[in-house]
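Here's a quick briefing to read with the structure open beside you. Take a look around first, then work through the points below.

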Amino acid sequence: MYHFAVIGTRDMTEAQREWVDSKLSYELGRCQVSGEKTTLHTGAALGTDQWAAERWCGLGKQVQLHLPWSAYESYWVSDIRHRYAQQVEIEIEPCLADSDRYNVAVHHPRWDTLSQGAQKLHLRNHAIIASCVQVYACPGIARWGGGTAMGIKLACHYRIACDVFDPVLQRDWSHCGCE
């Protein structure tokens, strides 16, 4: 079984949609050639997450949605679950080992100042990428912030291949503070 993730901004541009579509096409071709069951992991947030999940389900493929709490994006989650009942799996409030929680906290510059909800969102990012061998990320324009940056940092930390599309700010995502 092969797992990959798509994470990104809530405010997708047309260029980001096209980039995500090209990555989904690549993964579809890869799984057709290999014959391997392929699952997309994402977080159900508006924008990139929902775009990728809708497209992947539309291709008849499996999606694992990782939610920080049960009511997160509940209308959309209910709708996609109804339309693609056999293809969508949901994980709510992932149970992470203490070492995983530590890794999330240590990669956030202000972990102790975050609300419980914000911490759950970042812990959810760990769950999204943890079982994947490839991460595709479309960060927004907020300078080095947000959940997408956390996902990229964690992928780097765990040495998971991470392809980042950042045409506006063209930031260097090659290390994200990881050794």
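This is a predicted model: local features need pLDDT of at least 70, side-chain atom pairs count only at pLDDT 80 or more; totals for chains, interfaces and linings use all residues.

Two packed helices are described by the angle between their axes and the distance between the axes.

**The helix pair**
- Start with helix 4 (residues 98-106) and helix 5 (residues 116-130), which pack at an angle of about 115 degrees.
- The axes of helix 4 and helix 5 are 10 Å apart.
- If you look at how helix 4 passes helix 5, you'll find a right-handed crossing.
- On the helix 4 side, Asp100, Arg101 and Val104 make the contact, and helix 5 brings His122, Leu123 and His126.

**Positive phi angles**
- Most residues other than glycine have a negative phi.
- Glutamate 93 has a positive phi, near 45 degrees, and isn't a glycine.
- Look for glutamate 93 in the loop between strand 4 (88-92) and helix 4.
- Arginine 159 also has a positive phi, in this case near 60 degrees, and isn't a glycine either.
- You'll spot arginine 159 in the loop between helix 6 (146-157) and strand 6 (161-164).

**Buried or exposed?**
- Glutamate 93 has 41% relative accessibility, so this residue counts as partly exposed.
- Arginine 159 has 65% relative accessibility, and the cut-off for exposed is over 50%, so arginine 159 counts as exposed.

How values were computed:
Residues are numbered from 1 along each chain as its sequence is written. Side-chain values use heavy atoms; hydrogens and water are left out. Axes are lines fitted to C-alpha atoms, for helices over the stretch in contact, and angles run from 0 to 180 degrees between N-to-C directions. Helices (H or I, at least four residues) and strands (E, at least two) are DSSP runs, numbered from the N terminus. A crossing is left-handed if the near helix is turned anticlockwise from the far one by less than a right angle, and right-handed if clockwise. Contact means heavy atoms within 4.5 Å. Buried means under 20% relative accessible area, exposed over 50%, partly exposed in between (1.4 Å probe, protein chains only).
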